[in-house]
Amino acid sequence: LTLLNNPDAVAISNNKYLSALLLEKYGLPQPKYCLVSKSDIHKGDHKELDKKLKKIHKVEDDTKFVCKILGGHGGQGVFLCTGANITSVLQTFFAIKEDTMILVQEYEKIKEGDIRAHVLTLNGKQELLSVSMRKKGTSDFRTNLSLGNTMEDYTLTDEQKDIVFAAAKASGLTWCGVDLLPLENGKNVILELNGAPG
């Protein structure tokens, strides 16, 4: 896949923040997000963090946020925080590794699971290679197969297909895995792009 795909496009897809910026540039639907670093939390002062989080959601003690390390895969480095504990959890990360950056996203309520669509783009033409849904089968909020969830074939709606093809085109990848999240409210958002999709 690395040989098939442009290395620069793969590098962007491997970085969750750069992927989010790319999706934003093309106006594609995704959860609200912000990038957090140690500079957002000073000793006894986390005003910058609060300002960033408020752009995602009103911060209450029980407000949920999805936090991600920038280069994780297979669900590794993805965790939930609440308004009550996010500051202390992030401080712990920054204490361990000062230059760590964390992507914080709005927590979205999903219907059944998330969708992985494999798109091949050659000479401007796009084709769906396969589409499957990773169904939630555990108490974990993540839907990765490595966490004990199940997978089944899935047929995209026309709206989902449009989003998936647009995301694959924006990615610059010849073979792109697009992770799409159907929400309880009927909307669809892109979780991430994969330059070496499993």
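Reply:

At 38% relative accessibility, Leu18 counts as partly exposed (buried means under 20% relative accessible area, exposed over 50%, and partly exposed in between, with a 1.4 Å probe and protein chains only). This is a predicted model, in which local features need pLDDT of at least 70 and side-chain atom pairs count only at pLDDT 80 or more, while totals for chains, interfaces and linings use all residues. Residues are numbered from 1 along each chain as its sequence is written, and side-chain values use heavy atoms, with hydrogens and water left out.

Leu18 belongs to helix H2, residues 16-25 (helices are DSSP runs of H or I with at least four residues, strands are runs of E with at least two, and both are numbered from the N terminus). Together with Ile12 and Leu21, Leu18 makes a nonpolar surface patch of about 200 Å². Patches are made of residues with over 30% relative accessible area and no salt bridge; like charges are joined within 9 Å, and nonpolar side chains (Val, Leu, Ile, Met, Phe, Trp, Tyr) within 5 Å. A salt bridge here is a side-chain nitrogen of Lys or Arg within 4 Å of a carboxyl oxygen of Asp or Glu. Accessible areas come from the Shrake-Rupley method with a 1.4 Å probe, and for residues only the protein chains shown count as cover.

In soluble globular proteins, nonpolar side chains tend to be buried together.

Leaving aside neighbours within four places in sequence, Val178 is in contact (heavy atoms within 4.5 Å) with residues including Ile115, Val164, Ala167, Ile190, Glu192 and Leu193.

Glu192 sits in strand S9 and is buried, with a relative accessible area of 18%. Beyond residues up to four places away in sequence, Glu192 touches Lys16, Lys68, Gly177, Val178 and Asp179. By contrast, Glu159 in helix H5 counts as partly exposed, at 44% relative accessibility. Glu159 and Asn188 are 29 residues apart in sequence, with 8.5 Å from C-alpha to C-alpha.

Strand S4 (residues 102-106) is largely enclosed by the rest of the structure, because 5 of its 5 residues are buried. S4 pairs with S1 (residues 33-36) in the antiparallel sense over 4 bridges, where pairing needs at least two bridges found by DSSP. In that pair, Tyr33 stands opposite Gln105. S2 (residues 64-69) runs antiparallel to S4, and 5 bridges join them; Ile69 stands opposite Ile102.

As for the whole, the protein has 5 helices and 9 strands, and 45% of its 198 residues are buried.
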